[in-house]
Amino acid sequence: MADRDGLIWFDGEMIPWRDAKVHVLTHTLHYGMGVFEGVRAYNTESRGTCIFRLQEHTDRLFRSAHIMNMPMPFDKAAINEAQKQVVKDNDLEEAYLRPMVFYGSEGMGLRADNLRTHVIVAAWDWPSYMSPEARDLGIKVRCSSYTRHHVNISMCKAKANGHYINSMLALREALDSGCEEALLLDNEGYVAEGSGENIFIVRDGKLFTPELTSCLDGITRGTIFAFCQEMGLELHEKRITRDEVYVADEAFFTGTAAEVLPIRELDGRTIGAGERGPITTELQTRYFDQVKGRREQYPEWLTPVR
Ligand code: PMP
């Protein structure tokens, strides 16, 4: 990954990909205190390459930094501009973007009172998080033996680097047991989220998703809320148990990387008909139509890079 052509925005400058380096004593590398975003740009039919919900991602990045008490050395306009610029200057038609805010190597103490905050934005071609079949047929998921962060252990509203230790442990366990993704439960045993996705279930034509207590306030989740409103679908945020997922008619994950991903099995129990259900199909179609600029609704969600 480090050895490739291209440019990365680093503290206000575009620098060659291979030169975008930090010292081994970089504070964030040691303790995981940093915040980041995962953003996608799509090649739209009407307006060329556009970043999807750029402002919302930038807003969340700044909220994450605020929660973690990390001073941001740039304003939102500069970070928006940087994201447009990396896609453009790397000649990418479609891209996954990674803005990240991290502490430098000025000191190693936990007080973190003498550190500089740095910001990078990288972008690369990352067509699909899961296989194309997964998108159509759904994936196999297992409930993790790892609990999702508790609100008083971590700051669940922040998309923080260190949080992903928990995600990676859960995902590895799921992959090792022949599944494609993990479903993490909260400390009381209720459904929280996937390793990098929010979850929805469908029962009798109604949608349910966990409250935001211990899961990330996903931007794709918000997009699904908007579609439900358009479609007149009832949607409730509530506590969900793992057996409610077993007996759901449909279930799916949402996330910038995973997009809208059907779940066909949880813990060896088939969900619904064991294939992508009709409501998931409709929401997934709307999602891809939206990000690809084939819909007239919400034009403000697409920011052209050129
Ligand atoms: N939960 C977690 C833990 C995530 O990492 C992500 C991906 N950012 C999501 C949910 C989904 O968020 P979004 O739709 O904003 O990508």
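Predicted model: local features only at pLDDT ≥ 70, side-chain atom pairs only at ≥ 80, totals over all residues.

Reader: What is the secondary structure of the protein, and what radius of gyration would a compact globule with 306 residues have?

Author: The secondary structure comprises eight helices and 17 strands. A compact globule of 306 residues would have a radius of gyration near 19 Å, and the protein agrees with this because its own value is 19 Å. Its C-alpha atoms fill a box of roughly 55 × 45 × 30 Å along the principal axes, and buried residues account for 42% of the 306 residues. Of the contacts between residues at least 6 apart in sequence, 70% join residues at least 24 apart.

Reader: At what angle do the axes of helix 6 and helix 8 cross?

Author: In general, two packed helices are described by the angle between their axes and the distance between the axes. Here, the axes of helix 6 (residues 219-231) and helix 8 (residues 278-291) cross at roughly 110 degrees and come within 10 Å, and the two helices are therefore roughly perpendicular to each other. Their crossing is right-handed. On the side of helix 6 the contact is made by T223, I224 and F227, while helix 8 contributes L283, R286, Y287 and Q290; by class, these residues divide into four nonpolar, two polar and one charged.

Reader: Which residues of helix 2 and helix 3 meet, and at what angle do these helices pack?

Author: Helix 2 (residues 54-67) packs against helix 3 (residues 76-89) at an angle of about 125 degrees, with the axes 10 Å apart, which means that helix 2 is oblique to helix 3. The crossing of this pair is right-handed. L54, Q55, T58, L61 and F62 of helix 2 meet K76, I79, N80 and Q83 of helix 3, and the contact has four nonpolar, four polar and one charged residues.

Reader: Where are A112 and D204 found, and is each one exposed or partly exposed?

Author: As background, most residues other than glycine have a negative phi. A112, however, has a positive phi near 50 degrees and is found in the loop between strand 6 (95-103) and strand 7 (117-124). A112 counts as partly exposed because it has 18 C-beta neighbours inside 10 Å. D204, which is not a glycine either, has a positive phi of about 50 degrees and is found in the loop between strand 11 (198-203) and strand 12 (206-209). With 7 C-beta neighbours inside 10 Å, D204 counts as exposed.

Note on methods: Residues numbered from 1 in each chain as written. Helix = DSSP H or I, 4+ residues; strand = E, 2+ residues; numbered from the N terminus. Rg over C-alpha atoms; globule rule 2.2 N^0.38 Å. Buried ≥ 20, exposed ≤ 12 C-beta atoms within 10 Å, placed from the backbone. Contact = placed C-beta atoms within 7 Å. Axes fitted to C-alpha atoms, helices over the stretch in contact; angles between N-to-C directions. Parallel < 35°, antiparallel > 145°, perpendicular 65-115°, else oblique. Left-handed = near helix turned anticlockwise from the far one by under 90°. Nonpolar A, V, L, I, M, F, W, Y, C, P; charged D, E, K, R; others polar.
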